[in-house]
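Subject: Model for your files

Hello,

Here is the structure I promised to pass on. My notes follow below it.

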Amino acid sequence: MAGLDEMKYLLGNNARVGRVLTAFDASEALRLLRSDDPELLGRRDDEDESIVDAVFADVSMPGLSGMELARVLTAFRNPPALVFITGHEENALEAFEVGALDYIMKPANAERVDRALRTIERNKAQAAKGSRALEAPAADDDEVIPVELAGTTRMIPRKDVRWVEAQGDYARLHTAEDSHLVRIPLAQLEERWAEAGFLRIHRSFLVSLPLVTELRMSSSGYSVVLGGGPSKELPVSRRHTRELKDRLVRAPRQGWGQQ
């Protein structure tokens, strides 16, 4: 129960979370999700399941395992987002195969939980965007970045950017042909371009995940190799290694990495 109480505390103290319900096992969780009690869980008139945005489930639970719970949730008309909590890194691939949005290695902390919640928010926004796209003509939403060069303003499409390098309070955009300095902090681009497949791999680098062709390991740590132009190898900091691995595991399911 200590792990359950800790996760309840971490979620309950996050400003992104409205209400936290706990269940000791998968069977109890399913009873909560299907509850008819309006005081416990709200219900939309046109849905069979309750309004729950996300389920944080331990892979190892009494009775039904977290993986088995995930397979039941996929049968819901509107399944909640699923995040696994595990003490074993080898569970990652199976977690994403059953539809999990993220997985958190034990022991969890506030920063890692917040990152998972941000992933859930982005996924929900993308789903809403996809629904709106069915009602309106598709549009090219690729961002264009204006850059100044010798008195001329040049428009650089975000899709042409292979990686971004921090340079003080500015950032340098690297394309296949050249590079451009823009007056935008790297942290701001990290947040702004997350949904477009860009990921921070180092305090100095933000990369386009679809262009990652290799993840290399050496005695000094990990590095990535980028395609989409002349081969480029960039270092991966220890702090960002786990998320990079997570995202690369998910890449085939999301259509990333196709050249």
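Three strands form an open sheet in the order E1-E2-E3, paired in parallel (strands are DSSP runs of at least two residues, helices runs of H or I of at least four, both numbered from the N terminus; two strands pair if DSSP finds at least two bridges between them). E1 (54-58) and E3 (102-105) are the edge strands; each has a single partner strand, so one side of each lacks a neighbour in the sheet. From one strand to the next the twist averages 20°. E1 and E2 (residues 81-86) run parallel and are joined by five bridges; Asp-58 is opposite Ile-85 of E2.

This is a predicted model, in which local features need pLDDT of at least 70 and side-chain atom pairs pLDDT 80 or more, while totals for chains, interfaces and linings use all residues. Residues are numbered from 1 along each chain as its sequence is written, and side-chain values use heavy atoms, without hydrogens and water.

The largest nonpolar core has 19 residues, and Val-55, Leu-69, Leu-73, Leu-82 and Phe-84 have the most contacts inside it (such a core is a set of buried Ala, Val, Leu, Ile, Met, Phe, Trp, Tyr and Cys residues joined through side-chain atoms within 4.5 Å; buried means under 20% relative accessible area, with a 1.4 Å probe and protein chains only). Helix H2 (26-33), E1, H3, E2 and E3 each contribute at least two residues to this core. H3 gives the largest share, four residues. Another core, of 14 residues, lies apart from it and includes Val-161 and Trp-193.

Regards

Methods:
Axes are lines fitted to C-alpha atoms, for helices over the stretch in contact, and angles run from 0 to 180 degrees between N-to-C directions. Buried means under 20% relative accessible area, exposed over 50%, partly exposed in between (1.4 Å probe, protein chains only).
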